[in-house]
Amino acid sequence: MSNQIKRPKGTQDILPSEAAKWRTVEDAVREAAEQFGFREIRTPDFEETGLYVRSAGATSDVVTKEMYTVSSTGDSSFTLRPEGTAGVVRAMLENGLMNEGFPQKVYYLAQCYRHEKPQAGRYREFKQFGVEMFGTQSPYADAEIILLASTVLERCGLENVTLHINSIGCPECRAKYREALRSFFLPHVEELCPTCRERLDKNPMRLLDCKSPICKGIAAGAPLITNYLCDGCREHFDALKEILTEYGVEFTVDPKIVRGLDYYTKTVFEFISQDIGSQGTVCGGGRYDGLVSELGGQQVPALGFGLGLERLIMTMEAAGVEFEPAKTCDLYIAPMGAEAQKKSALLADAVRRAGYAAETDLVGRGIKPQMRYADKIKAKFVCVIGDNELSCGEAKLKNMATGEETPVKLEEFMTGFSNLMLNEIFDGELGETIGRLVEGLEPAEEQPEG
Ligand SMILES: [Zn+2]
Ligand SMILES: [Zn+2]
């Protein structure tokens, strides 16, 4: 066994027993996004490296430390998607969607790749759900994005989540803020970590989210962006707060949330869960009115959010959310002997064509191991077919939950089974009535023409 290849560090296998959780969450986020009018977009898993350098910034952690960059034959350098937004903007521009009227609203569910130190809920390959809206400055758009994120978290059963919002202004008001930060940090320059010392000149806002305890301590007393907003940015932020209040969405203004890149503007927000301790951010987003032009398009305002499904599912588990059980087998047909196996395969096929899940024996096992298998796959009904059943043309369908056995003619197997399933679904007598109705429904005969 020792020479078996292991999965790469920071990746995970999602086994069949876990996959249903993922499906539940993926369905929930898709449904919410579509109800808000977002349409799905799928872009390649890799893009030209330059795209991410332009969108994340050449000095960002993503670009300097975390990208999986590969080169194919020739000169091009490609990078596995480290985040979803840049590729979506590229695709919107390349396919002319920005000319089709605003707002444009898209969502994606995409694998992303970052070479980070693996930790709880953080992987090197992870799945990101994200939404992007283009072409509107209105604070109602910011509010709707936040409301969508909140709806998603609510439908995933998360209750201990708090919304933190901030405005980081526009390039004009940020220039003043940068100056203020620079003069604040300058007297402490010797105490700062080497990275921060380097950033102080070019991008002092990045110092605010340094993880080093010393930098964090100093940054605690730093001036707040909210005191430097220009009139336009302040009005936008005030309007957003008012709309959220109207929606009944609770929030905390948190001037500590910042984004270091120039194209981020105005609104930033985070949903923080109390269920998973210090790594609490489950969803983050905001406005990036400068990104589309940064990537070569017109000046088109944009906003959105991203949400890592690994983190979301981990939070749901920590919060004790119950997931829907995986869909199980409706009917297991246990054949005894070669003739019975032939019949069982045909019956199973008919059951599947009628829309139910059916399995039969494929390994030639005796009846006992077959029953154990039926138990394991949680079959709702089991039917044994042996020589007796074949010769009298009748078999018994056993309800595994109640132990009740119902005889059915093999000829009328499908009707009998459908009725039992309807009983299961509609609970008892109602099912029988519906079963009789369904049985009574004859396909309408076509009227001869003329
Ligand atoms: Zn401003
Ligand atoms: Zn630092």
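**Pocket, sheet and domains of a predicted model**

Reader: How do the residues of the lining of the second largest pocket divide into nonpolar, polar and charged?
Author: This is a predicted model in which local features need pLDDT of at least 70, side-chain atom pairs count only at pLDDT 80 or more, and totals for chains, interfaces and linings use all residues. Residues are numbered from 1 along each chain as its sequence is written, chains are lettered from A and ligands numbered from 1 in the order written, and side-chain values use heavy atoms, without hydrogens and water. With Ala, Val, Leu, Ile, Met, Phe, Trp, Tyr, Cys and Pro counted as nonpolar, Asp, Glu, Lys and Arg as charged, and the others, Gly among them, as polar, the lining divides into four nonpolar, seven polar and 10 charged residues.

Reader: How much space lies in the second largest pocket, and which residues are the closest to its centre?
Author: On a 1 Å grid over the protein atoms alone, a pocket is an open set of points where a 1.4 Å probe fits, with protein on both sides within 12 Å along at least five of seven lines, and lining residues have an atom within 4 Å of a point. Filling the points, joined across faces, edges and corners, with probe spheres gives the volume, here about 430 Å³. Of the 21 lining residues, the closest to the centre are Thr-59, Lys-202, Asn-203, Arg-206 and Leu-261.

Reader: Which element gives the most to the lining of the second largest pocket?
Author: Helices (H or I, at least four residues) and strands (E, at least two) are DSSP runs, numbered from the N terminus. Two or more lining residues come from each of α2 (49–56), α3 (61–66) and α7 (194–202). The element that gives the most, with four residues, is α7.

Reader: Which residues does a cis peptide bond join?
Author: The bond has an omega of about 0 degrees, and its proline has its place in the loop between α4 (85–94) and β5. The residues joined are Phe-102 and Pro-103.

Reader: How far apart do the C-alpha centres of domain 1 and domain 2 lie?
Author: The chain is divided into domain 1 (16–170 + 230–318) and domain 2 (331–438), with bounds from an automatic or database domain assignment. Their C-alpha centres are separated by 48 Å.
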